[in-house]
Amino acid sequence: MITKKTLAVAIVLSLAATASQAQQAMDHSGHAGHAAPTGPGQMDHGAMDHGSMDHGAMAHPPASGIPPSRESRSPVPTIRDADRAAAFPDLPPHPMHQGGSNFLFLADQLEWQDADEGSTLAWDLSGWIGGDVDRLAFRSEGERSNGHTEQAELQLLWSHAIGPWWETVAGVRQDFEPGSAQTWAAFGVQGMPLYGLETEITAFLGEGGQSALRVEADYDILLTQRWVLQPTAELNLHGRNDEARGAGAGLSEANLGLRLRYEISRQFAPYVGVSWSRAYGNSADLLRADGEDTRETRLVAGIRFWF
């Protein structure tokens with residue numbers, strides 16, 4: 001018969017055995033050399049020879065899943081002259097600097113204009129032939145209204161480069177209309193004072209002591225790879241009155257324009273726009289005396305091309 005005393009002793013012995021097992025498990029986790037109690041399905045760590053254990057084989061792989069390389073990396077090789085020459089080969093010389101002659105023809109404006117007198121055909125052409133320092137150049141501009149030439153001029157110039165962005169010009173200008181034909185001596189400069197701003201400043205000395213000064217500028221604003229907005233400006237000044245040609249002394253005329261073109265290719269582009277002109281001073285007085293307006297706004301449409 002089991003008494004209460006015997007049951008109490010059994011419970012105490014059972015609790016002591018359980019505490020002893022827990023202490024042994026804690027000691028094994030804290031020190032790999034201690035053996036844990038074994039049972040069915042358990043590995044006898046105590047029987048393992050720790051001297052022959054390959055701790056490197058038991059190491060966990062890196063988080064990336066790729067085992068670390070046991071080979072040392074070779075240093076970056078020193079860059080040699082042959083490497084630099086292969087990376088940066090010498091470029092062939094530009095054809096412009098190989099001597100010989102080159103040429104350019106530019107129709108900057110070839111357009112129809114909606115003028116007060118009716119439809120007008122206007123042009124502004126230029127070009128040159130020569131090298132990168134000295135060239136023979138020409139300029140021509142004018143307009144025809146209702147089958148009659150209202151204005152026409154041609155300039156033949158010799159240009160000489162004086163810097164990367166500037167060149168001097170000298171030659172002759174021949175006026176065909178309006179009035180009788182007149183010849184001028186021409187000299188001036190042309191170039192780009194700011195990136196992309198093309199300017200021409202030309203002085204003229206004509207027959208009978210006439211003198212004139214013309215300042216032109218235009219700038220291409222790239223809206224996209226094909227759409228280009230081009231504002232233009234031109235001022236004309238004269239030294240004395242020339243009633244036969246409707247030119248007065250001082251600032252005689254100002255012309256402003258704004259043209260939007262679409263470049264089908266870099267060499268061919270149709271465009272539309274508007275031009276505005278106004279006469280000043282004595283030139284305006286001469287126009288009023290003939291019953292003509294001193295200012296005019298025109299819609300324009302044309303093509304720009306070069307080769």
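Biologist: Is Asn-146 buried or exposed?
Modeller: Exposed, because its relative accessibility comes to 60%. Keep in mind that this is a predicted model.

Biologist: Where is Asn-146 found?
Modeller: In the loop between strand 3 (134–145) and strand 4 (148–161). Asn-146 also has a positive phi of about 55°, although it is not a glycine.

Biologist: Okay, loops then. Which peptide bond is cis?
Modeller: The one from Glu-177 to Pro-178, with omega near 0°. Pro-178 lies in the loop between strand 5 (166–177) and strand 6 (182–194).

Biologist: And strand 6, how does it pair with strand 7?
Modeller: In the antiparallel sense, over nine bridges. Phe-187, for instance, has Ala-203 in strand 7 as its bridge partner.

Biologist: What about strand 7 and strand 8, in which sense do they pair?
Modeller: Antiparallel, over nine bridges, with strand 8 covering residues 211–219. The hairpin of strand 7 and strand 8 has four residues between the strands, and Gly-208 takes a positive phi near 70° there.

Biologist: Which residue stands opposite Glu-200?
Modeller: Glu-216, in strand 8.

Biologist: Switching to rings. How many aromatic pairs does the count come to?
Modeller: Five. One of them is Phe-105 with Phe-138: the ring centres are 6.2 Å apart and the planes are at 25°, so that pair is stacked.

Biologist: Where in the chain do Phe-105 and Phe-138 sit?
Modeller: Phe-105 is in strand 1 (residues 102–115) and Phe-138 is in strand 3, so to speak distant parts of the chain, 33 residues apart.

Biologist: How exposed is Phe-105, and how exposed is Phe-138?
Modeller: Phe-105 is partly exposed, at 22% relative accessibility. Phe-138 counts as partly exposed too, at 24%.

Biologist: Why is the pair of Trp-184 and Phe-204 called edge-to-face?
Modeller: Because the planes of the two rings are at 75°, with the centres 6.3 Å apart. This pair links distant parts of the chain as well, with Trp-184 in strand 6 and Phe-204 in strand 7 (residues 197–206), 20 residues apart.

Biologist: Are those two buried or exposed?
Modeller: Both Trp-184 and Phe-204 are buried.

Biologist: Which charged end sits over the ring of Trp-184?
Modeller: That of Arg-173, 4.8 Å from the ring centre. The charged end of Arg-173 also sits over the ring of Phe-204, 4.5 Å from its centre.

Biologist: Back to the phenylalanines. Which residues do ring pairs link into a cluster?
Modeller: Phe-105, Phe-138, Phe-305 and Phe-307.

Biologist: Now charges. How many salt bridges does the count come to?
Modeller: The count is 17. Among them is the one between Arg-80 and Asp-83, at 3.4 Å from N to O. Arg-80 is exposed, with a relative accessible area of 53%, while Asp-83 is partly exposed at 32%.

Biologist: What does Arg-245 form a salt bridge with?
Modeller: Asp-242, and the closest N and O atoms are 3.1 Å apart. Arg-245 is partly exposed at 22% relative accessible area, whereas Asp-242 is buried at 10%.

Biologist: And which side chain does Arg-298 meet in a salt bridge?
Modeller: Glu-296, at 3.2 Å from N to O. Arg-298 is buried, with a relative accessible area of 11%, and Glu-296 counts as buried at 13%.

Biologist: Which residues do salt bridges with shared partners join into one network?
Modeller: Glu-141, Glu-153, Arg-173, Asp-175, Arg-214 and Glu-234. Arg-173 is the residue whose charged end sits over the ring of Trp-184.

Biologist: Last topic, the surface. Which residues form the nonpolar patch?
Modeller: Tyr-219, Ile-221, Leu-223, Trp-227, Tyr-262, Ile-264 and Phe-268, with about 620 Å² of accessible area together.

Biologist: Where is Leu-223 found?
Modeller: In the loop between strand 9 (221–222) and strand 10 (227–238).

Note on methods
Residues numbered from 1 in each chain as written. Predicted model: local features only at pLDDT ≥ 70, side-chain atom pairs only at ≥ 80, totals over all residues. Heavy atoms only, no water. Patch = residues over 30% accessible without salt bridge, like charges linked within 9 Å, V, L, I, M, F, W, Y side chains within 5 Å. Areas by Shrake-Rupley, 256 points an atom, 1.4 Å probe, with all protein chains shown as cover. Salt bridge = Lys/Arg side-chain N within 4 Å of Asp/Glu carboxyl O. Helix = DSSP H or I, 4+ residues; strand = E, 2+ residues; numbered from the N terminus. Buried < 20%, exposed > 50% of the residue type's maximum accessible area, 1.4 Å probe, protein only. Phe/Tyr/Trp six-rings, centres within 6.5 Å; stacked < 30°, edge-to-face > 60°. Lys NZ or Arg CZ within 6 Å of the ring centre and 35° of its normal. Pairing = 2+ DSSP bridges.
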